[in-house]
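Okay, thanks for coming, everyone. Let me put the structure up, and then I'll walk you through it.

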Amino acid sequence: MYPDRVVSGMRPTGALHLGHYHGALKNWVRLQSEVPCLFFVADWHALTTHYDDPSVIETSTWEMLVDWLAAGVDPSQSTLFIQSKVPEHAELHLLLSMATPLGWLERVPTYKDQQEKLADRDLATYGFLGYPLLQAADVLIYRATQVPVGDDQVPHIEMMREIARRFNHLYGKEKGFEEKAQDAVKKLGSKRAKLYNELRTEFQQQGSAEALEQAKAMLDDAQNLSMIDRERLFGFLEGSRKLILSEPQALLTEASRLPGLDGQKMSKSYGNSIALRADKDVVTKQVRTMPTDPARVRRTDPGDPDKCPVWQFHLVYSDKPTQEWAAKGCRSAGIGCLECKQPVIDAIIKEQEPMHERAQQYLDDPSLVRAIVADGCDHARKLAQDTMRDVREAMGLGYN
Ligand code: TRP
Ligand code: SF4
């Protein structure tokens, strides 16, 4: 019903690494040329876990934005902004909280997982429990259709969908809805109206998903409808409610998984990461000192690529012939590990060259980043305010 729109956010964790690039940013860069995209720094989310250490938020935010720009996120194609500068997110979070069952939040898997993982901090807080609900507000406020996320976040998207459905169910009631919907059907013109009614019956009586899709496609094409009539007709198809918030889809990144230097998940806190804008010399040294198959003690010992993190890097960075050269040379002890690593080093440096170039102008003149974000915040705020008008109205707060 609402046009395609991608929304995604990242917590400001400071300078990003190549795991972020291959896991998320590369995907953002591809998406921005296909669909209107909004990307934001989730600074409030950072506070849900690091509320006792707010000093790093500001620098981390700007550093991360430069990394996004360096990676090729293009402000002329996508909207970049900072969550806390669009306070409507907080208003929606609050309003959604009124009708969100506690159990929904408690059973989100990341809730217990993170509490166990980050056992050194007290995460038995109200803000931390509400993390996925704040995330729901981030997405629902833009009526996003797709949310690119890692697989750990899929339960959050599932919960958002339930929140949107519940919201529409509770607040999409309208006095005289049935009559208004019938009037809207008439406005489709007689041929389309007949088709609409047939497809609606088919969906409601036989549960035909195909009929539902076909009806939705027809409504998408019906140019002469007002937004409000369109909302009614979409709601009328499935039941007797307006659809005020829409249900987003998770967009799973077929992430080429780049592990850390030691083969574990790449993470700054594990000390196994390569910074996105690392110096050439640093990259060279980091890869040269990477652990390899522990069975290859001497140059003459054959190795097994499957037991070596360097091989994982070849899978991401090398073409087929290079991969074959490395695998064969490893198994036959035909090449040494340093030799094997060189193409990986070269490929990383080559990948990072344009990133350094793009970053330079922003490092020279940080006001450019401020201006990009100011524009992005303005744009995001307008969209958010449109949704909030409908939400307030639906929740009985539309009065002056
Ligand atoms: N929770 C996400 C993460 O940890 C960050 C995030 C916050 C987000 N709000 C979002 C992602 C909205 C997508 C959409 O990675
Ligand atoms: Fe790893 Fe390459 Fe050494 Fe084999 S030759 S152990 S794949 S670095």
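So, which classes of residue make up the shell around ligand 2? There are five nonpolar, one polar and two charged residues. The classes go like this: Ala, Val, Leu, Ile, Met, Phe, Trp, Tyr, Cys and Pro are nonpolar, Asp, Glu, Lys and Arg are charged, and the others, Gly among them, are polar.

Before I go on, a bit of housekeeping. This is a predicted model, with local features needing pLDDT of at least 70 and side-chain atom pairs counted only at pLDDT 80 or more, while totals for chains, interfaces and linings use all residues. Residues are numbered from 1 along each chain as its sequence is written, chains are lettered from A and ligands numbered from 1 in the order in which they are written, and side-chain values use heavy atoms, leaving out hydrogens and water.

Back to ligand 2. Its neighbours are Thr292, Asp293, Arg296, Cys308, Val310, Cys330, Cys337 and Cys340, where near means a heavy atom within 4 Å. Ligand 2 sits in the largest cavity. By cavity I mean a set of points on a 1 Å grid over the protein atoms alone where a 1.4 Å probe fits but cannot get out, with lining residues having an atom within 4 Å of a point; sitting in it takes more than half of the molecule's atoms within 2 Å of its grid points.

Now the whole chain. The C-alpha atoms fill a box of roughly 80 × 45 × 40 Å along the principal axes. We get 18 helices and five strands, taken as DSSP runs numbered from the N terminus, helices being H or I with at least four residues and strands E with at least two. Of the 400 residues, 48% are buried, meaning under 20% relative accessible area; exposed is over 50%, and partly exposed is in between, with a 1.4 Å probe and protein chains only.

The domain assignment, which is automatic or from a database, gives domain 1 (6-171 + 249-256 + 365-394), domain 2 (177-238) and domain 3 (277-364). The C-alpha centres of domain 2 and domain 3 are 56 Å apart. On contacts, meaning heavy atoms within 4.5 Å, residues 24 or more positions apart account for 78% of those with a separation of 6 or more.

Where do we see a pair like that up close? Take Ala250, in strand E5 (residues 249-252). Ala250 and Gln146 are 104 residues apart in sequence, yet 5.8 Å apart C-alpha to C-alpha. Beyond four places in sequence, Ala250 touches Val147, Val149 and Ile157. Why is Ala250 called partly exposed? Because its relative accessible area is 29%.

Next, Arg232 in helix H13 (residues 227-238). Arg232 is buried, at 10%, and, leaving aside neighbours within four places, it contacts Glu174, Phe177, Lys180, Ala181 and Lys242.

Helix H15 (residues 309-317) has Pro309, Val310, Trp311, Phe313, His314 and Tyr317 buried. Helix H1 (18-31), H16 and H17 are among the elements covering them.

Arg143 isn't a glycine but has a positive phi of about 50°, in the loop between helix H8 (131-140) and strand E4 (146-149). Ala333 also isn't a glycine, and its phi is positive, near 60°; it's in the loop between helix H16 (320-331) and helix H17 (337-364). Arg143 counts as buried at 10% relative accessibility, and Ala333 counts as buried at 14%.

Conventions: On a 1 Å grid over the protein atoms alone, a cavity is a set of points where a 1.4 Å probe fits but cannot get out, and a pocket is an open set with protein on both sides within 12 Å along at least five of seven lines; lining residues have an atom within 4 Å of a point.
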